[in-house]
Amino acid sequence: MNKYIVNGGRPLYGEVTVSGAKNAAVAIIPAALMVDGVCRIENIPQISDVTLFFSILDELGAKVRILNRHAVELDCRAIRSTRPSYELARRIRASYYLLGALLGRFGEATVAMPGGCDFGVRPIDQHIKGFTAMGAQVSVEGGYINARAKNGHLKGANVYLDVVSVGATMNIMMAAALAEGTTIIENAAREPHIVDLANFLNSMGADVKGAGTDSIKIRGVKRLNGGSYAIIPDQIEAGTLMIAAAATHGDVLIRGALPTHMEALTAKLLEMGARVDEGVGEDSIRVRSDGNHRHVNIKTLPYPGFPTDLQQPMSVLLSTARGTSIINETIYEMRYKHLEEIRHMGGISQINDRIAIIEGVPHLTGCAVTASDLRAGAALVIAGLMAEGVTDIYNVQYIDRGYEHLEDKLRSLGAKIERLTVD
Ligand code: EPU
């Protein structure tokens, strides 16, 4: 097991580059299973969820050729199995995309119920609703989801999502790409990674229109060919670095941060009193702060609302803002476990169901804390950077699931952060 040791109180200064988007990569890599040719994918983040997906594809019979740290060639022409191993699939949430991809191409899939970060009940009924509308029979037995298309092939259908779901939107989009006829997804999620998956599929020969709006139309094609594709920069990593810059009273230029993806966070940082400027001539954002932050209220919502994945880092920044901030977490029922740890560092908060009330304190003090999930881990790192003294952060493996070498990036900005192996 690894832990971070953070020596806090140092402003972050300099420039840093955002890696490829985790939540796009963990959809696009399984989507490659649908491609009857070789696809080259670039700007892949070096994170453990991606490594795990490569193992799953390899085991199913794909040829996985790592070209360099951020590029891979996937050849899925000779897939042997539509049943990924339970042990691998169970370890990540995004393994649900194996259902849409395998069902779409082979008309059948058997995949372990997805795992992933634990912040309450995370149903996949909307994914199943979509597959069923397209003519699949879906059952859950012995920890596996079995999906079979009647007559071996899915048929296009109209699917209205009862909740705006990122995973269901992308999964149905994949399954529909090779279905017979046209599928329309209504009340679709609009996150940047949904547009990225649509662009990937289209670059392989699919016909997806409307991604980025709440109505997506997918005209099924007979075959997806190989090609080349580069993943977009990670909106949540960019946001985490923006928050870290403000939290340490620093001045950081974040390269690869796409300003249009960051509008909800930018608005809140400005409201708090930080300075946020778009870089000139390329996609980048500069965040500066003198640390004189006002309280703000946050309500997490599907894109373009404030992302739930930045709620945890943001709540840490608010823990030293002047006044009382109120957070309403509308996406997940239990995404405040990190605030327990922040209390050990001197933070004051009250949690009532999905509402967190945060009373700003003058400063946090370092101590030993434990990450309960990926973004909780990132939030605790920010807390460690802000705090007086030394913070030990346990369960760094969660952070490795979604942030590429976070400690190296922070160190390059002047942070004192070390990784240590502990028993
Ligand atoms: N929901 C349902 N039924 C479904 C699907 C979702 O009720 O069939 C509910 C969920 O319980 C939740 C809401 O709808 O209340 C939204 O869930 P969504 O399906 O959008 O989330 P997800 O696909 O499971 C992805 C990301 C999460 C991110 C959310 C929201 C991946 C692998 N995961 O999860 O990322 O929080 O979208 O943006 O893409 C993270 O990166 O830390 C992370 C947790």
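Predicted model: local features only at pLDDT ≥ 70, side-chain atom pairs only at ≥ 80, totals over all residues.
Residues are numbered from 1 along each chain as its sequence is written, and side-chain values use heavy atoms, with hydrogens and water left out.

**View 1. The shell of residues around the ligand.** The ligand is surrounded by 25 residues, of which Y96, Q126, S165, D309 and I331 are the closest; a residue is near a molecule if one of its heavy atoms lies within 4 Å of it. By class, twelve residues of this shell are nonpolar, six are polar and seven are charged. Here Ala, Val, Leu, Ile, Met, Phe, Trp, Tyr, Cys and Pro count as nonpolar, Asp, Glu, Lys and Arg as charged, and the others, Gly among them, as polar. At least two shell residues come from each of the helices α1 (22-31), α5 (125-133), α6 (166-177) and α12 (374-386). Helix α5 supplies the largest share, three residues. Helices (H or I, at least four residues) and strands (E, at least two) are DSSP runs, numbered from the N terminus.

**View 2. Polar side chains at the ligand.** An N or O atom in the side chain of D125 lies 2.8 Å from a nitrogen atom of the ligand. The side chain of R375 places an N or O atom 2.7 Å from an oxygen atom of the ligand, and a polar side-chain atom of Y332 is 3.2 Å from a ligand oxygen atom. The ligand taken alone exposes 830 Å², and the protein buries 90% of that; accessible areas come from the Shrake-Rupley method with a 1.4 Å probe.

View 3. Helix α4 (residues 97-106) is largely enclosed by the rest of the structure, because nine of its ten residues are buried. Buried means under 20% relative accessible area, exposed over 50%, and partly exposed in between (1.4 Å probe, protein chains only). Among the buried residues of α4 are Y97, L98, G100 and R105. G107, which follows α4, has a positive phi near 75 degrees.

**View 4. The buried arginine R335.** R335 lies in the loop between β18 (324-328) and α11 (337-344) and is buried, with a relative accessible area of 3%. Its side chain forms a polar contact of 2.7 Å with the side chain of T308 and a polar contact of 2.7 Å with that of D309. A polar contact is a pair of N or O atoms within 3.5 Å; within protein, one must be able to donate a hydrogen and the other to accept it, and residues adjacent in sequence count only if both atoms are side-chain atoms.

View 5. Y303 and P304 are joined by a cis peptide bond with omega of about 10 degrees, and P304 is placed in the loop between β17 (298-299) and α10 (311-318). N43, a residue other than glycine, has a positive phi near 55 degrees and is found in the loop between β3 (38-42) and α2 (48-60). N43 is partly exposed, at 28% relative accessibility. N151 is not a glycine either, and its phi is positive, about 60 degrees. The loop between β8 (144-149) and β9 (158-160) holds N151, which counts as exposed at 78% relative accessibility.
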